[in-house]
Amino acid sequence: MRTDQGQPIRLEDYQPADFLIHHVDMTVQLFDGRVEIDSVLEMERRPGRGTAALLELEGDELELASLALDGSPLSTDRYNATPDRLSVEGLPASGRFRLAIGTRLAPEDNTKLMGLYRSSGIWCTQCEAEGFRRITYFLDRPDVLATYRVRLEADRSQAPVLLSNGNPAEAGDLPDGRHFAVWDDPFPKPSYLFALVAGDLDVLSDSFRTLSGRDVALAIYTEKGQAGRAAYAMDALKRSMRWDETRFGREYDLDVFSVVAISDFNMGAMENKGLNIFNHKYVLLDPDAATDGDYAGVETVIAHEYFHNWTGNRITCRNWFQLCLKEGLTVYRDQEFSADERSRAVKRITTTRNLKAHQFPEDQGPLQHPVRPEQYREINNFYTSTVYDKGAEVVRMLETILGRDGFRAGMDLYFERHDGDAATIEDFLRCFEDATGKDLAQFALWYHQAGTPTLTVEDDFDPARGRLTLTLRQSLQPGAARTGTEPMYLPVRFGLVGHNGGDLEARPTGTAEVVDDVIHLREREATLVFEGLSARPYLSILRDFSAPVTLRMDERREDRLALARLDPAPFNRWRALSDLLGETLRDGARAMQAGRPAAFGPDVASIIAATAADEALDPALRAEAIALPSETEIARLIERDVDPDAVHAARTALLGQIGTHDADLFADLRERLSDAGAFSPDAASAGRRALRNVALGYLSAAEGRPDVAARQFETADNMTDRFAALAVLCQQFPGQPETEAALAAFYTRHRHDPLVIDKWFAIQAVSPHAGTLDRVAALAGHADFTLRNPNRARSLVGSFAAGNPVAFNRADGEGYRWVADRLLAIDKLNPQLAARLATSFRSWQSLELARREQAKNILKTLAESNGISVDLRDIVDRSRS
């Protein structure tokens, strides 16, 4: 395990590699306890680099077995090999040469799950970001692209399935019960996209005919007995392939496309060329084991990894500083796919909730960094919400600014100009400038400046003149990243809503450009004037969350209530109600923290009732609109000196008040929205279940009795309803007999399904009560718990730390101490996982003083721990800053 301090890698220091690798021939021989790898690299010096440079190849815990140049073994005075580096001198001054490298690995001992490892008898790779160097010495960087031909050999009884990137080329038998398969990938790719899988796997097969008439063989491989649960994933794959053809003109380019689902995987999934490897939680589904959220998650992740074929694989990143060029862009693409497949408004709401819950706190805390970082110590720690989710928002703004046609023209040029290239953000933006004539120099600040801008909107209506004056101001506070505070380019979508609903026709004059319904705010301040209004309209601002900003507006309560009823933009109806609920809860939490009771006006419950009962809105939208903000969202609104106990108390009180006020309505909704037939994962059915289960939460809180949820748990015929009932029991009635009985029944029913047992651990870990720590500590000793499996570790440790503000942030600091001990244990096995779990400390500086001091001391203890990995140290050191 690397335990050095980690030298900063800086964008400004980037230089192309001194050598090129054109082609790689690999032979991988798989045996119990060892793997022998022989790689032949067809190379040459980069033209113009001269002859003095040594060849420096990266490694990570490698042992060199052999080394030859153009077929002749090299003497030891020609090279120097360490576990982390191979240096070779005396290479040809010009022309191509072949460097043959032999390495030997022990995949069974690889608990990091990076490089080549073995899980449940299956050999598997994970090479992003820097895992290929754990397989062989290489120029392991994304701007070195090569074609690959890979020969796999294994015992047929152990590994009847042998997979790698590209198209199958050869296969056959070998002596002693072994066999081989050869895979040929004709498209140059960086080493992080290399993949192999070998094992005894089941398969679900299908095919897809492209719009040009080519037939592509599709296969989803699973661990034994699980292929039947991959049907929805296969359907999502075919739908995503068709969508990418029609929306972006991107056709798949190989003869086969394979997905492999395995149980031990650090990430959600990996887009290796032609051979996507998935955490099995994003492939395996059935109604008895998966919720509607699981179905939506599988659909999204399957699409995301497939869309990487063009935005990530065919066009990759010049260096890891450009990570958002593939991840943010592809997140935007998968969001658009889900919006087209389901409800666009609901998708935008859930995306915005996620952004505010995860990326905004990251942007406002010690782990802040720009969408394109300027430096890093450990690249695995920059697979963040800022890169993914804010990166997607930047692409979305680009489409808003340019319009759909202009955006498509820019994307077409990007695909044409950079196919087969390792590109940069500058390359990407230049395509849109060249395609549309738009100057995007100021827009590029979104990639360079960290932090969440604040958009302040003031409105003044003159009834005598029928004039509405809007003043918009933007500001950006300096943060931990210290990257600048220049004005950004904000596209602000808006509407003026009349008192009977519907948008008013009114064109403004002023100091900002307005195109259709978008204000193009480039200055720190701009003023717009609307004339000819017969009455003061309701201002519907920042529609569809057209820019990722914090909105400050002295909006009258009655305006929000009106917009929640009248706004023709569904997203902004939700926003009006969400903002009203958020501010109500913020004020209630502040009152409780000061020792005063929280006072909630009856208008909140009334608008919740009106929204819940509005049959003109689809159930999924109503479910989102009436759901209370999470405790994390409320804490973000408080900003500083947050007391998680007060936040929880305020939210619990409002939940009960609304439930009591609207009990009859919620009971009626639960009755009318009951499923009439067999479970279906379609969006409409999922929306009805979502609304019914939000109603269950309110109704249970109102009556203060667990039997309502307990009855649903007992009678549910699908996991969505069963798990929703269990969540209500664990959240509202911890420790009560009905809750304990339900937990026991849930475990007994699903004890042989690891994915469902992950849910069982997680639901107990997020129960928002101080006593949860004792339960979580006991669960850590459960026979089914292990820190070696990332899903299982995340289900308990991650859920507790990131999803339980009350128990994790206990005033006595015991929650922090327990998590810190687990981080140190995980770090010895899997540093990448430990580092990601450690980000749960990212918001400690916003807490009230006593908790802040406890968290500070724990981080100091972690920082002073001997032998922690560079991965974990990087997060801890930055969190303390």
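Let me begin with the second largest cavity, where helices α9 (570–593) and α11 each supply at least two residues of the lining. What we have here is a predicted model, in which local features need pLDDT of at least 70 and side-chain atom pairs count only at pLDDT 80 or more, while totals for chains, interfaces and linings use all residues. Residues are numbered from 1 along each chain as its sequence is written, and side-chain values use heavy atoms, with hydrogens and water left out.

A cavity is a set of points on a 1 Å grid over the protein atoms alone where a 1.4 Å probe fits but cannot get out, and a lining residue has an atom within 4 Å of such a point. Helices (H or I, at least four residues) and strands (E, at least two) are DSSP runs, numbered from the N terminus. The structure holds six cavities of 30 Å³ or more, each volume being the space filled by probe spheres set on the points, which are joined across faces, edges and corners.

The second largest cavity has a volume of about 40 Å³, and its lining consists of A564, P570, R573, W574, L577, T611, L617, L621 and A625. Which helix gives the most to this lining? It is α9, with four residues. Sorted by class, the lining has seven nonpolar residues, one polar and one charged, where Asp, Glu, Lys and Arg count as charged, Ala, Val, Leu, Ile, Met, Phe, Trp, Tyr, Cys and Pro as nonpolar, and the others, Gly among them, as polar.

The largest cavity, with a volume of about 60 Å³, is lined by D459, R536, L539, M553, D554, E555, R556 and D559. Its lining has two nonpolar residues, no polar ones and six charged ones.

Two of these lining residues, R536 and D459, also form a salt bridge, with their closest N and O atoms 2.8 Å apart; the term asks for a side-chain nitrogen of Lys or Arg within 4 Å of a carboxyl oxygen of Asp or Glu. Because R536 lies in the loop between β31 (525–530) and β32 (538–541), and D459 in strand β25 (residues 454–462), the pair ties together parts that are 77 residues apart in sequence. D459 is partly exposed, at 27% relative accessible area, on a scale where buried means under 20%, exposed over 50% and partly exposed in between (1.4 Å probe, protein chains only).

In total, the count comes to 96 salt bridges. One of them joins the side chains of R353 and E624, at 3.0 Å from N to O. This pair links distant parts of the chain, with R353 in helix α4 (residues 344–363) and E624 in helix α11 (residues 619–626), 271 residues apart. Are these two residues buried or exposed? R353 is buried at 14% relative accessible area, and E624 counts as buried at 18%.

Elsewhere, salt bridges with shared partners join R247, E336, D340, R344, R396, E399 and R404 into one network.

I will end with T424, in the loop between β24 (421–423) and α6 (425–436), which is buried at 6% relative accessibility. Not counting residues up to four places away in sequence, T424 touches R318, Q322 and L325, contact meaning heavy atoms within 4.5 Å.

How values were computed:
On a 1 Å grid over the protein atoms alone, a cavity is a set of points where a 1.4 Å probe fits but cannot get out, and a pocket is an open set with protein on both sides within 12 Å along at least five of seven lines; lining residues have an atom within 4 Å of a point.
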